[in-house]
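Colleague: I would like to learn how to read a few features of a structure. Can we take them one at a time?

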Amino acid sequence: LSAGLVRITLLIADGESPKVREAFRVPHAWRVMATTTMISVSSLIGIILCYLPGLVVGTFCGFAIVYVVDQQQRPVQAIRSSISLVKANFAHTLLVMVLSGAVAVAGAFVCLVGLLVSVPVALLVHTYAYRFFSGGTIAP
């Protein structure tokens, strides 16, 4: 479902007006699942070791699912692309992730109903950052 939401935000960034059914059309869903599993296991190991390595893994792999959905990359290739993109734009990526997280937390404080607005907004900001950092197209 999250990959479908990423697909919808990518369509919005392309200037299209997506339909709800687009959230259920994710090409190469197995790649999304494999990428998510690899990142989750790596993050869990990092969190168990000392917490900070888990945050580093999560930060540097933050755009991997977007690469899988947008460019149909394989899991390892998407993780490498995400790491390269974050390395090149570390300060800006960190700022985007902190602000997106703050927006999502603010939505949670409004009796969880605010999450219906704050999570899609945070996801749109994340997708915009991906397109901006990678030099992709962004509709006006």
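Colleague: Is Phe90 buried, partly exposed or exposed?

Modeller: Keep in mind that this is a predicted model. Phe90 has a relative accessibility of 37%, so it counts as partly exposed.

Colleague: How many aromatic pairs does the structure hold, and how is such a pair described?

Modeller: A pair of aromatic rings is described by two values, the distance of the centres and the angle of the planes. The structure holds six aromatic pairs. In one of them, Phe60 and Phe90, the ring centres are 5.7 Å apart and the planes are at 20 degrees, so this pair is stacked. Phe60 belongs to helix H3 and Phe90 to helix H6, so the pair ties together parts 30 residues apart in sequence. For Phe132 and Phe133 the centres are 6.2 Å apart and the planes at 65 degrees, so that pair is edge-to-face. Phe132, at 53% relative accessibility, counts as exposed, whereas Phe133, at 15%, counts as buried.

Colleague: Which residues of H2 are buried?

Modeller: First the general idea. An α-helix has 3.6 residues a turn, so residues three or four places apart point the same way. In H2 the buried residues are Arg31, Val32, Thr35, Ile39, Ser43 and Gly46. Seen down the axis of H2, they fall within an arc of 100 degrees, so they line one face of the helix.

Colleague: What do the buried residues of H2 pack against?

Modeller: They pack against helices H1, H3, H4 and H5. The face of H2 turned away from the buried side carries the exposed residues Met33, Leu44 and Ile48.

How values were computed. Residues numbered from 1 in each chain as written. Predicted model: local features only at pLDDT ≥ 70, side-chain atom pairs only at ≥ 80, totals over all residues. Heavy atoms only, no water. Buried < 20%, exposed > 50% of the residue type's maximum accessible area, 1.4 Å probe, protein only. Helix = DSSP H or I, 4+ residues; strand = E, 2+ residues; numbered from the N terminus. Arc of directions from axis to C-beta. Contact = heavy atoms within 4.5 Å. Phe/Tyr/Trp six-rings, centres within 6.5 Å; stacked < 30°, edge-to-face > 60°.
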